[in-house]
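Q: Hi! Could you walk me through this model, with the cut-offs spelled out as we go?

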Amino acid sequence: MNSMFKRHFALTAGMILTSFVVLAIAFTTLSYQYSIRDQKDGLEEKSGYVAAMAAQVINRGEDQLQDDAFQYYLGAVARLVDTDVMLCDTEGTILFASNDGYEVPDWQGMTVPAEVLSALTESADYEGTSDLGVFGEERLVCGTTVTVEQEGRSVLYGYVLVSVSVENMTRLWQAFASIFLFAAVAVLLVASISSRNLTRPLKEMTDVVRRFGMGEYDLRVKETNRKDEVGELSRAFNHMADSIALNEQKRSEFVTNISHELKTPMTTIAGYADGILDGTIPPEREREYLQVISDETRRLARLVRRMLDMSRLQSGGDMILSQTEFDIGETLAQVLISLEGKINNKGLDVDARLPDSELLVWGDPDAIAQVCYNLVENAIKFAHPNTVIGVSVSARGGKAYIAIRDTGETIPEEELPLIFDRLHKSDRSRSLDKEGVGLGLYLVKAILNDLKETITVTSKDSVTEFVFTLTLAR
């Protein structure tokens, strides 16, 4: 598998090595050129000194070349700059030589190479590399002419050649190469550790994601104090995992609830229908049990309808088909009339504060009727028997405010933000809501969101109130 660690390390190592190679080449080239130039400048200077000294000595007589003082001078120059000094005639024959040691080399009578002599003859100066016919290695050489005064004119007497070994520079470049190599290895080691530290949490996260996808919803990525993208990814994954786990829990609860809610009416319908068919239920009570079957059938229809509405919302459908103006007071009155039986069965009173004249608002009349129906039905379910539910409409600032209030158990403050969530059912609703499956308020919120309207809920001192808005048509 071509892992991210391998790719990242290969990329980092390639960049580092490329940088080091470029730097090494540039540094070596510059240092080589500088060293060569510096050596040449020194050799040219020393060859000029030796040529001037040799000319003075020769002007006093050629036998003066064997003078101890002159030889000591040449030896001092050679030892001072670790060089070898040669004095040769115009034919290239070595007359005298001194190296960086204390013994004078036995080079007298030997001849320097023709190409060196030719260059000196043509330009009077020479710089280059040569073994000068006496060394077993190439050396850096600089040479110049020695001229003497004879009968009032300058005459070419010979040449001075000063040479130095390049072995020191080679050792220096080898030291540079060793330093670069050591630094490159150290940086590559650091890059390897860095790449592993970068990819280790991603590898761990991959393993957690794989196991999470297989149903282990309790797994989480270990979060660190990292402030980079990896740390942010870890936190985002854990947040996503929490949401998925919560949705999975709600889905499981929904399946349990809906199975129970569907099973109860279906069992009732089947039992009463069988009782009528086999004569267990006497004829005089058939109508009574047929009414129960009818009620349970409608209850099943409501459950199925709400599940279909939720499915349409989850698939990106819109609950709002068309918008027009309608009278919100009339809609609320019709909802109260349709729920009159439930209101009376629970012994509730209704405090309805509806407008005396029509109050036109914008929206989908059928969708808003469903909102009002769900909220009023919710109030009936949770209101204590023989209490009052309130329904009121007011208008201000271009908006109609519809409030539906019941007196029952207070909703815990921590549950208020969750009350509109899909499939949410608080303990309060579990004990009292015998028909719902946690979809009613979710559908209410979805419809009002489609209309760009708002809904709020408060619950205090046993009074719970829902307030939603609609835009006034006039």
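Q: What should I know about the source before we start?
A: This is a predicted model, where local features need pLDDT of at least 70, side-chain atom pairs count only at pLDDT 80 or more, and totals for chains, interfaces and linings use all residues. Residues are numbered from 1 along each chain as its sequence is written, and side-chain values use heavy atoms, with hydrogens and water left out.

Q: Thanks! How many helices and strands does the protein have?
A: There are eleven helices and twelve strands. They are DSSP runs numbered from the N terminus, with helices being H or I of at least four residues and strands E of at least two.

Q: And how much of the protein is buried?
A: Of the 474 residues, 40% are buried. Buried means under 20% relative accessible area, exposed over 50%, and partly exposed in between, with a 1.4 Å probe and protein chains only.

Q: Let's look at helix packing. How do H7 and H9 cross?
A: The axes of H7 (residues 328–338) and H9 (residues 365–382) come within 9 Å and cross at roughly 45 degrees. Axes here are lines fitted to C-alpha atoms, over the stretch in contact for helices, and angles run from 0 to 180 degrees between N-to-C directions.

Q: Which residues make that contact?
A: On the H7 side they are Ile328, Thr331, Leu332, Val335, Leu336 and Ser338, and on the H9 side Ile368, Ala369, Cys372, Tyr373 and Val376. Contact means heavy atoms within 4.5 Å.

Q: Switching topic: is H11 mostly covered or mostly open?
A: H11 (residues 440–450) is mostly covered, with eight of its eleven residues buried. Those eight are Gly440, Leu441, Tyr442, Leu443, Val444, Ala446, Ile447 and Leu448.

Q: What comes after H11?
A: Lys452 follows, with a positive phi near 60 degrees. Lys452 sits in the loop between H11 and strand E11 (455–460). Most residues other than glycine have a negative phi.

Q: Why does Lys452 count as exposed?
A: Because its relative accessibility is 68%.

Q: Where is Ser462, then?
A: Ser462 lies in the loop between E11 and strand E12 (463–471). Its phi is also positive, near 70 degrees, and at 30% relative accessibility Ser462 counts as partly exposed.
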